[in-house]
2 protein chains.
Amino acid sequence: MRSAQLSDVRQQNYSTIMRELMRSGPTARTDLASAIGMSTGSVTRLTGALARAGLVKEAAEPAPRGMGRPKVPVAIDESTYGVIGVHFGLHRINTCLIDLRGQLVAELPATERTTNLKPLLRGAARSVRKMIDSHGLTVLGVGASTGGWVDSSSGQVHTQPVLGWQEAPLAEALHDLVGLPVLVDSQVRALALAEHWFGAAAGVDNFIHLFVGNVVGAGFVFNGSPYRGAHSAAGGLDHLPVTGRSGQTCVCGSRRCFAMVAGDLETARRARAAGLITDDQEVYDVFALAVAGNPQARRLLQDRAGVVGTATATLIELLDPELVVIGGGVSAPVDHVAVVRDAAQDRLAASRGGDATARILASAFGPHALGIAAGAIMLDAVYRSPEAFVPALTATASDPGH
Amino acid sequence: MRSAQLSDVRQQNYSTIMRELMRSGPTARTDLASAIGMSTGSVTRLTGALARAGLVKEAAEPAPRGMGRPKVPVAIDESTYGVIGVHFGLHRINTCLIDLRGQLVAELPATERTTNLKPLLRGAARSVRKMIDSHGLTVLGVGASTGGWVDSSSGQVHTQPVLGWQEAPLAEALHDLVGLPVLVDSQVRALALAEHWFGAAAGVDNFIHLFVGNVVGAGFVFNGSPYRGAHSAAGGLDHLPVTGRSGQTCVCGSRRCFAMVAGDLETARRARAAGLITDDQEVYDVFALAVAGNPQARRLLQDRAGVVGTATATLIELLDPELVVIGGGVSAPVDHVAVVRDAAQDRLAASRGGDATARILASAFGPHALGIAAGAIMLDAVYRSPEAFVPALTATASDPGH
DNA sequence: CGACTTATCTCTGCCTTGAAGATAAATATC
DNA sequence: GATATTTATCTTCAAGGCAGAGATAAGTCG
């Protein structure tokens, strides 16, 4: 619990203006003032400071309509600053530079044999340095994501089973190498933030991102902020019991754990059992068959989507989100979100009669957008506290300018 | 999204001081300043205004120790204001007056034959009026709770299955009758707020209140604020699938719905099947047997506690709370929370190895505290925005006083 | 070309905080 | 017992923030 100060007001008002501009696009100062309930004088002063800092700009005015002085829209300036996202996957590190609107400016995918933290970090830092200032954007910071249990407040990766990391000080180590602010979070929460800022959940304050792939997990945004739990461990779905189907026996002893029923491994296992793929093929080959039109493969994936639907219904009943975004193999490359939606609605209709349901949408990003999502971690921070990450803003704040 | 103002700063600082005093008990101004990061001058000014308004008072100073001027502790003044809570149950309306520390000042239980909204409201309003100002406390407002789907933002009860209400404008109707601010919320969320302010979860910012009784449901407090979901429907557990045991077939078609396996009805059914109680007896009679030491009854309730434990594990994995508070028939009159704890830890240990678990505690309130919990709805609002509910505070704010 | 309309900018007043100094009330020391 | 010391609390003052009123700018309409 911390007491509030005057500077908090200014900080929050900067943030409110930036978020409103992100949400609504170019907006005249007058409209901005009435949208956020601020005096026009304050809007002028604050947008002035934001413009001098390079965060907003006056957009091209549309054909002036009606009487009076024409509106001059103010918009996010995406040409000054950028943020970098780094995603650490198995044998794959994806580094992206995105602008303040979330648009991809540059990408630098890399494959790595090792899973050791040190060499991976050195490689990532090299990619980051290569990107800094080489695309005309001043980089404000780096967001890093990976799977497993990631603590965003301490910057530590407690456990990352796929890469075998334990208590890895990811944020600190990367900061030492690149000299920029570094924020870390889990892959699923990064995806949720990306959806929140410039994806399917743009402007939605209560939603769940449900990721189903080689790992399963949920990312929560509650009341407009990411919810991470008391130990940054929120979002675990591995052992969520599902109804209607059972899979292999889980380490916990149950045969109805969501991960064991709907995860990629089980899908691949069932495809093998059905003779669809060979022993050394993986779930991606099932996707390929489905894309090619193989009916058995399609049925298998639809089946899985049905299970995801019942789990979605459980989450909707429990957490009452406005929206559930489905990511991972259920939404791409073959989009089975309609199956998820039907299965979820079926279950909810039986119990609730259709009241208080949530929209269910496919992720706005393809499977290769994990780097962009990592950047969203940093972008989120910039929009929440602009002064903390844009030095030029505090410098020009009190300057009356011209 | 609304912009911030200077008055928001003052409001929040009032709130921060009140909450800190509630959390830590009587505190000297200096200690208060360092605890919340405020200058001592501001603490003096704000506590002065709070004291003139009757919200805080200078407490009796303890034996002065050490050198220097002795500290003068400031404490919540519980002798000026109170809030009233009204809980609408089946055939039972419980009206309570509590002071600012949550202590019960007066209680007025009433039994009612009807379940119709109008006569129940008239009866409740009579009880409320009887309490107002008759105990030396100025009543700041009324909190009302009931089961079912209650929308706290609109004040509507969408559906209340036990009483048969549909779209009942509870807040507005009660406000018209008593002329005080009225806030409503669901019974489970009210219990969660009570635990948060003066119960087992005092000072805990991320926790879940899990209620298992004739109805089941969860109340969430995330990041220090109640989370109600997009349509005020969060907390539904009825159809949460549970592992290890199945019950009667639910309306949704599954036999593993939490409500059907762990609810009071199933417990009573199993007790009947075992010959423990007769057809016209209920779950309370099973409790009575267990209290009397009947081993079969105890085993039955322990069994149910085990199921609650697995559901608790699911919630902990999904939402990573710091604490889970167990309320309803599992914690009273026979406390089986230890069984819940063991069952939950068992399941979590298999999957997580004991990391990031949550404490599990019994509710601090007996089964008859629903009225107090309803009052907590109003108390929460007063602590969050004192100026909105205490007119004397705004009146004396700028007064330099003496 | 002048009147009108609307958007934006400038200026003033009020409010709130933080910091420093003044005051108060106890103990420690001679 | 008188004085110094220590710590808590109160008072004063300057800086910084927003709202609202008025001034200015940049169009359209007749």
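The structure holds four cavities of 30 Å³ or more. This is a predicted model, in which local features need pLDDT of at least 70, side-chain atom pairs count only at pLDDT 80 or more, and totals for chains, interfaces and linings use all residues. Residues are numbered from 1 along each chain as its sequence is written, and chains are lettered from A in the order in which they are written.

Colleague: What makes a space a cavity?

Modeller: On a 1 Å grid over the protein atoms alone, a cavity is a set of points where a 1.4 Å probe fits but cannot get out. The largest cavity has about 60 Å³ of space, a volume being the space filled by probe spheres set on the points.

Colleague: How do you know which lining residues of the largest cavity are charged?

Modeller: Asp, Glu, Lys and Arg count as charged, so Glu317(B) and Arg347(B) qualify. The lining has two charged residues by class.

Colleague: Why are strand E8 (residues 149–151) and strand E9 (residues 156–160) of chain A called paired?

Modeller: Two strands (DSSP runs of E, at least two residues) pair if DSSP finds at least two bridges between them; E8(A) and E9(A) have three, so they pair, in the antiparallel sense. Val150(A) stands opposite Val157(A).

Notes
Heavy atoms only, no water. Helix = DSSP H or I, 4+ residues; strand = E, 2+ residues; numbered from the N terminus. 1 Å grid on protein atoms, 1.4 Å probe; cavity = no way out; pocket = protein on both sides within 12 Å on 5 of 7 lines; lining within 4 Å.
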